[in-house]
Amino acid sequence: MVENEAVWLRSPVGRLRIGPAPMPTPGPGEIVVRVRAVAVNPVDAMSGLARPFVTPWLRYPAVLGSDVAGEVVAVGPDVRRFAVGARVLGSAAGQERHRNAAAEGAFQRFVLLQERNCAPVPASMPLEDAAVLPLALTTAAAGLYEPDQLGLAGPSLDPEPRRAVVLVWGASTSVGCNAVQLARASGYDVLGTASDRNHDLVRGLGAEQVFDYHDPDAERRITDAIGDRPLAGTIAIGAGSLTRTLRVVRATAGSRRLASAYPTPATRLRARSARREGITVSAIWGGTPLVSQVGPLVYEAFLPQALATGRYVAAPEREVVGHGIAAVPEALARLRRGVSARKLVVTLD
């Protein structure tokens, strides 16, 4: 029998270590997945000095990681959507306040997942591709659909055109690629920003137009492209995105709601200032759908058929940077050095 093994973080400022881990046992609504591929995210790669501020509740020793794809090896009571042997992708909740358990961190051979936050992987999709989706998908869904964020209409396979615009600033990022696809699946017209080399990627995901965020005149061009349509909401991703998207919101009609990914202290100051102008700026927490109704809306009602029919794709493109559990620390180091329009993936034996 294969034993479990994990990438352990013993303290916020400690080094990652490979070591044995208990084999998870599924409870009600839970499944155990043999991990075949994981992706790495900025929240996994942040410095030990930042971690206590971002996840102060995290218990140690911890197992990090959110993005999982693999096969189900055990199911708990009340599990109805998956059986042993099913290929699945899932969002591992080990770092979330409501779960906070090493058994639910992605960076191990066998991981405990909640059924509600998993979706079947079509036979035509490699598990390495499926692993790029979970955290970016839930973060984009949180920003678009949570009532305290943009509060938009949910996605469907046959959306009703709404003649309203969603702006995704940073559309070639992992979160941005998912925000573009979800907004289109909700019937909205989408405008995005990306560097010139990534415009084809963003258009291919459904954006009506893409603008170069290096262009100092991008805000005016976007405002002109929106025209007399209402701006249903804005997703702002990346450094400097909030300042620039606020200019678009001020110049257009619509909901005046803006959801900011990767918020900073400066974001909170600008949010207070924007509130005086009637603009609502909210900070996205990617784990919110794991406990709200947005999770089942995406993972159960929409994603299975959307993936199976090719109407939703795994984007950005995955890059396999290592094989085996011991390759995870180097993948995180690689992410810290910078990545553009790709998602770094490690495959497990």
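## A first look around

V346 is buried, with a relative accessibility of 0%; here buried means under 20% relative accessible area, exposed means over 50%, and partly exposed is in between (1.4 Å probe, protein chains only). This is a predicted model, in which local features need pLDDT of at least 70 and side-chain atom pairs count only at pLDDT 80 or more, while totals for chains, interfaces and linings use all residues. Residues are numbered from 1 along each chain as its sequence is written, and side-chain values use heavy atoms, with hydrogens and water left out.

**Where V346 sits**

- You can find V346 in strand β16 (residues 342-347); helices (H or I, at least four residues) and strands (E, at least two) are DSSP runs, numbered from the N terminus.
- Between the C-alpha atoms of V346 and I31 there are 22 Å, and along the chain the two are 315 residues apart.

**Salt bridges**

- Side chains of opposite charge can pair when their charged atoms come close.
- The structure holds 21 salt bridges, each being a side-chain nitrogen of Lys or Arg within 4 Å of a carboxyl oxygen of Asp or Glu.
- One of them joins the side chains of E5 and R109, at 3.1 Å from N to O.
- This pair links distant parts of the chain, 104 residues apart: E5 is in strand β1 (residues 5-9), and R109 is in the loop between β6 (87-91) and β7 (110-114).
- E5 is partly exposed at 25% relative accessible area, whereas R109 is buried at 18%.
- R99 and E30 also meet through their side chains in a salt bridge (2.7 Å, N to O).
- Because R99 lies in the loop between β6 and β7 and E30 in strand β3 (residues 30-39), the pair ties together parts that are 69 residues apart in sequence.
- R99 counts as partly exposed at 22% relative accessibility, while E30 is buried with a relative accessible area of 13%.
- D189 and R229 form a salt bridge too, with their closest N and O atoms 2.9 Å apart.

- Rolling a probe the size of a water molecule over the atoms shows where empty space is left.
- The second largest pocket holds about 190 Å³ of space; on a 1 Å grid over the protein atoms alone, a pocket is an open set of points where a 1.4 Å probe fits, with protein on both sides within 12 Å along at least five of seven lines, and lining residues have an atom within 4 Å of a point.
- Of its 16 lining residues, G14, L16, D44, M46 and R336 are the closest to the centre.
- Both α1 (42-45) and α11 (328-337) supply at least two residues of the lining, and α11 gives the most, with four.

**A patch on the surface**

- F53, V54 and W285 form a nonpolar patch on the surface, with about 330 Å² of accessible area together; patch residues have over 30% relative accessible area and no salt bridge, and nonpolar side chains (Val, Leu, Ile, Met, Phe, Trp, Tyr) are joined within 5 Å.
- V54 is in helix α2 (residues 51-54) and counts as partly exposed, at 31% relative accessibility.

Note on methods. Grid points are joined across faces, edges and corners, and a volume is the space filled by probe spheres set on the points. Patches are made of residues with over 30% relative accessible area and no salt bridge: like charges are joined within 9 Å, nonpolar side chains (Val, Leu, Ile, Met, Phe, Trp, Tyr) within 5 Å. Accessible areas come from the Shrake-Rupley method with a 1.4 Å probe; for residues, only the protein chains shown count as cover.
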